[in-house]
Amino acid sequence: MANQTKCFFPASLRCFTFFFLLLTRGLAAPSGPESDSCSTLVQSRFFGFFLSSSVFPSVPCSWTLQNPDPRRYTIFIKVTKPTGSCVPSQLRTFQYDSFLETTRTYLGMESFDEIVGLCDTSAPVAFLEAGKQFLQMRKGPPRTGRQIPDEDGDFKTEYLVVGKRNPSMAACQMLCQWLEDCLASSTSKRPCGIMQTPCLCWDPPPQLTQAESCYRNGVYQESCLLNTKENGKNAGINGGWSVWGQWVQCSSDCGGGIQTRTRTCHSPPEESFLCEGVVEEGRPCNSQSCSGKGHHLSRSQSLRSLDNRKRDDADKPRSGQQSPQTDSASGEEWSSWSVCSATCGEGWQSRTRFCVSSSYSTQCSGPLREQRPCNNSAVCAVHGAWDEWSPWSLCSSTCGRGYRFRTRTCTPPQFGGDSCDGPEKQTKFCNIAVCPVDGVWYEWSGWSSCSASCSNGTMQRTRECSGPSYGGSECRGEWIETVGCFLGDCPVDGKWQPWSLWSICSQTCGGGSQKRNRICYGPFFGGQICPGEREEVRLCNEKRCPGPHEICGEDNLSNVVWKMTPAGDTAAVRCPANAMGLVLRRCSLDEEGNAYWEAPTYMKCISNDYRSIQSLTREHLNKAQRGLVGDGVSEVMTKLRVTSSDGTSYSGDLLAILDVLKNMTEIFRRTYYSPSGADIRNFVQSVSNLLMEENRDRWEEAQLLGPNIKELFRLMEDFVDVIGLRMKGFQDMYEVTDNLVLSIHKRPVMGHADINFPMKGWRGMVDWARISEDRVSIPKNILSTGKPDEDDSSNFVTGIVLYRNLGSILALQRNNTVLNSKVLSVAIKPTPVSLSSSVVVEFAHMYNGTTNQTCISWDESESSSLLGSWSARGCRAVLVDSFRTKCVCDRLSTFAILARLQSDLNMDKLQLPSVTLIVGCGVSSLTLLLLIIIYVSVWRYIRSERSVILINFCLSIISSNALILIGQTQTRNKILCTLIAAFLHFFFLSSFCWVLTEAWQSYMAVTGRLRNRIIRKRFLCLGWGLPALVVAISVGFTKAKGYGTPSYCWLSLEGGLLYAFVGPAAAVVLV
C-alpha cells in the first residue's frame, strides 16, 4: 500500500492530463486589488502545483485561482508545509466572490488561515476545499516587530478542480488519496479541511489481476480492451507463475472428494523467488453420501509446492521415513520434505518421487507424492484488527465552520500479534449553513511617499475590508487615510499682480499718453524675480482736435440739457422719470463740415411698467430652468397684453416686449407647464400690439440697432413649435387680431389633404382679414419621401402668420421700389431638411399700376443684399393678373412682394396728389367758393335761413376737398394724418347734416311753422353739433385707432370705424 501511494500522483497525472486540457477555456479576470507588486492569476486550469519561491519572489505578492463555474466545480488544495523557517501570519489564504475596487472590499470572503496553519509543524500537509469564484493566497509583509529570516522556508501547493457531477475516475483517484491522507492525519485540534467530495472513495476496487482488467499500475484505465492471449504470452516470457489450469475431475464420486488445479513456474532457479506460493491447490467436491463403494482415483491428493531455496539432494534419505518399493519396477527415492507451508498453526509438507521402469518390469505402485502436517504445536500470533468506522457525527456548529468526527474500535492482538495501525478517530471540517459575518478591516498598508517634493504634501495608506458576508454589516471607517507631510519650503518665483488701470490721458486730443504699472509679488525662498517691465505706456487721443465748428454746442431740448460734444461722439443723459436707461444723441457733421445734433434716440430707455414685467418674466424663467412650478405666469401674460395695448413710450419698450415674449416661449416649452387658451390669446395679442401703427416710428428707431425684426420672426417660429408640441391629436388653431392672423395646423406626415390658408368657415375674423385676398397652399406630400415604409405615426406642425402692416414698419421702399403686399410667414416643425413640393403663396397688390413684381423671402444668411436680410432667391413670381401675384417657393421663410412704382405713382418722390384729384377737388371748391361770393354780394336781398344753410353746406364741402388734397401727402406723419382723417370725418358728416337741415327747414316752411329769426340754434346744432358729437364718440371709443392708414388719411376699413360715417350718412339719405 505504501508503494502504491508513493507512485500514485505521477501515474494519475499521466492518465488524465490530456482529458483535462480539453476542458480548458478562457474566462474573465477576477475583480480584485491591483496594488500588489506581483500577482498571478490562474484561469482555465484544472490541476497543477507551484513552489512558493517561484510565485512569491517578494512581498506583497498574490496567487489567485479562478473557479470556472462555482455551480459545477469545487477547488481542492494540498499545501505541503515548509520544513525550514516560517513567519507566522505572513501568508493569508481565503476565498471570495468578487472585489469592489471603490471601497476596497471583498464580497463573500472566507479565510482558510485556520485550516492551512502554514507554520504549524505538527501536520506537514494541509488540505482545504473551496467553492467560491476565487481562491487567493497572498504573502504580505510580516507584522510590525517581527524579523524576516534570511531564508524563508519554501512550501509546495497542489490544486485540483473537480466537477460536482460525473467527475473523472483519474481525478477521483487523486482526490480519494488526498481525502485518505487528510483524514489519516486529522485530529480534534486539526480537523481535515476536505468536507465532502463528489467521488465514492470507500468502494473497494474489483478483485482482478492486472492481466485480466483495466486496473494497471495503480490506475483504472478507461476504454481499454483485454487480450488474454497476449497476457499469457507475456506471462510466459517475463517469468513468474503462469495462470491456473482447469480443475481436474473430482477424486470421489460421493462421500467427499478433492478437485485440484496446477500452475507452472516459468522462472529459472536463480529467480525462484518470483514463484512464492503453492504450485497446486484443491477444493472439496461431491460431498453427498455414497450408497455403495465409491470410486477413488489412484492419484495422490497431496499439494505440491516450490521453495525459493535450493532443493535438497534427492538421493539423501531422511530419518524416520522409508520409501516403499516393488520388485517389478524400481521407484526413485523420495525427495526431502519441503518447507512447512505455515510457520505456526497447521501447515503442510510434501515430498515427491519419480517412477523408473524397465522393459521387463511392471509399473510402479504407490503415490508419487506424499503430504504431512507440520508445526501443529506452534500458536500463531493474531494481529489487532479495526472494526468498521462509526457514522460521522453531527457538525459542531449550526452555522459557519465547524467540525465532525468518526471513530473505530480495535480488536486487541493475541499471541504476540501487532496492534492496530492507523488513527482511532478522524476529524474534518463542516459547514452546514453560512453565518452573517461582519466586515473586518485588515491592517493598514505602509505610508506612501510624500506627494510633493517640497513644501506641503500628503501621504496615504490603505486597508482592505474582509467581508461582509451573508448579511453582515459593512466595515466601519475609511479605507484610505491621508496625512500631511512637509519637506521644506519650495522656491517661489515672483509673480506679477494685475495691471493697474490706465491713467487719464495727458491730452484730450492731438495725441497724449497713458501709464499703468504693476507690482511683483515675491520671490521667496530663492525663487526667480518677475520677468518683464514694471511700467507700461501707450498713446491716447491721437485724433485731431476739433475746431469750434466741429463741436456741437450746448443744447436744451425737451427740458434736457445736452452738453458740448465733439463731432462723431455720442452724448448720453438719463431717461425721463417714467423710464430707466439712457437717452442717446449723436453729434455729426453735415456736408459742409459743420457739427449738428441728431435727433435723440430712446433705444436704451424702457418704461417702468415694461421693466417690472421683464423682471417678473425672468424670475419665472429662472424657476422653470430649475424645475420649479411658478404660479402667476398667466397673470404676467395678461399684464403684458393690457400694458402693450396702451402703446409704447420709447423704442426700448419694443425690445423689452420682445424679450418678455421670448422668455415666455421658453417657459411654455417646459414639460411641467402647459399654456392655457387665455395664455395663447394674450401672447398673440401682445405681438399684435407690437405692430400697431402708433409704434411705427419707434420700430424705425429700433431698426437702427440692427434688423431687430428678425427677432420677431424667430419668436413666432418658436411659438408655433411650442404650441404644436402641446396640441393633442391632429387639430387646427386660429388667432385673429387687429394686426396679424396666426394659423397652426397639426397633421400626419402621410396626410390626405392640402393645407390652405385661410380656411373656410373661420369665425371672429376682423374686417381686414375677411377681405384679404392673400392665400397660401401647402401640398399634402410636402414632407413625404415616397417610400412605402414611411412611418404613418409621425406628424408635423405648420404655422402661418399673416401680418397686416409689417411692410410699413420694415420701410423697404427704395427710390421707385415699394413693398407691394402684406408680409406672410410659413414655418414647419420639425424643420425639414428639404421640401418634396413647393409652397405656393398668392399676394394681392397694395398699389395699382406697379411693374416688375418680385417675390422676396427673409434670409438671415444674405447680409450683403441691398435689402438687408431679404433675398430674391428660392422663389419665382407668377403674375396672376394686374392685381395679384403668385410666389412659388422651394423653401420655408417669410415672404412678400417687391414692385416698381410708375413715375406718376411715386408719391414719396413727388409729394403731390394725383392730377385727377387736384382738378376734381379744385373745380368743385372754386365753384362753391364762387357761389358763396355771389350770395354774400347780394346778401341783403336774399337774406334768409335757407341761404345761411346753403353757405354752411358749401363751406363744409370746400373744407373736405382741401383736407383730401392735403391728406394725400401726409400719410407718413402719423399725428397730422390722424387729425386730417378726423376732420374729414367731421366735414363729410357736416355736409350730410346740412342737407338734412335744409330738408327740415323746407318742411317747416311748408307747414307754416317758420319764424322770422335768421337762423335757429337747432339748425346749427344739427349741421355742426351732431357731426362733432359723432366724431368725438368715435375718437373716444377707438382712441383714434383707425383714423389714418399707411396709404391714405381717412377712416380705416378695419375695426368697424367706417360705420361711424356710413351709418349717419345712410340715415340722412333715407330721411
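**Loops, sheets and helix pairs in a predicted model**

When I say helix or strand, I mean DSSP runs numbered from the N terminus, with helices being H or I of at least four residues and strands being E of at least two.

Before going on, please keep in mind that this is a predicted model, in which local features need pLDDT of at least 70 and side-chain atom pairs count only at pLDDT 80 or more, while totals for chains, interfaces and linings use all residues. Residues are numbered from 1 along each chain as its sequence is written, and side-chain values use heavy atoms, with hydrogens and water left out.

A cis bond also joins Phe-757 and Pro-758, with omega at about -5 degrees, and Pro-758 is placed in the loop between strand 43 and helix 13 (767–770). A further backbone feature is found at Asn-541, a residue other than glycine whose phi is positive, near 45 degrees; Asn-541 belongs to the loop between strand 31 (535–540) and strand 32 (551–552). As background, most residues other than glycine have a negative phi, and most peptide bonds are trans.

Two residues separate strand 51 from strand 52, and the two strands form a hairpin.

Another open sheet has four strands in the order 2-11-4-9, also with antiparallel pairing. Its edge strands, pairing on one side only, are strand 2 (47–51) and strand 9 (125–130), and the twist from one strand to the next averages 15 degrees. Eight bridges connect strand 4 (residues 73–80) with strand 11 (residues 156–163), which run antiparallel, and Ile-75 faces Val-161 of strand 11 across that pairing. Helix 5 (residues 169–184) lies across strand 4, strand 9 and strand 11, and runs at about 125 degrees to strand 11.

Let me turn to two helix pairs. Helix 8 (residues 633–645) packs with helix 10 (residues 677–690) at an angle of about 25 degrees, the axes being 9 Å apart. The two helices are therefore roughly parallel to each other, on a scale where angles under 35 degrees count as roughly parallel, over 145 as roughly antiparallel, 65 to 115 as roughly perpendicular and the rest as oblique. The contact, meaning heavy atoms within 4.5 Å, includes Met-637 and Leu-640 of helix 8 and Phe-683 of helix 10. The contact residues divide into three nonpolar, eight polar and two charged; here Ala, Val, Leu, Ile, Met, Phe, Trp, Tyr, Cys and Pro count as nonpolar, Asp, Glu, Lys and Arg as charged, and the others, Gly among them, as polar.

In the other pair, the axes of helix 9 (residues 651–669) and helix 12 (residues 709–726) come within 10 Å and cross at roughly 20 degrees, which makes helix 9 roughly parallel to helix 12. Among the residues that meet are Leu-658, Leu-661 and Phe-668 in helix 9 and Leu-712, Leu-715 and Phe-719 in helix 12. This contact divides into seven nonpolar, one polar and six charged residues.

Finally, the unreviewed UniProt entry places the feature "transmembrane region" at several stretches, including residues 915–936 and 948–967; UniProt positions are given in the numbering used here, feature names are shortened, and annotations may be inferred rather than shown by experiment. In the model, residues 915–936 are 100% helix and 0% strand, with end C-alpha atoms 31 Å apart, and residues 948–967 are 100% helix and 0% strand, with end C-alpha atoms 29 Å apart.

Methods:
Axes are lines fitted to C-alpha atoms, for helices over the stretch in contact, and angles run from 0 to 180 degrees between N-to-C directions. Two strands pair if DSSP finds at least two bridges between them.
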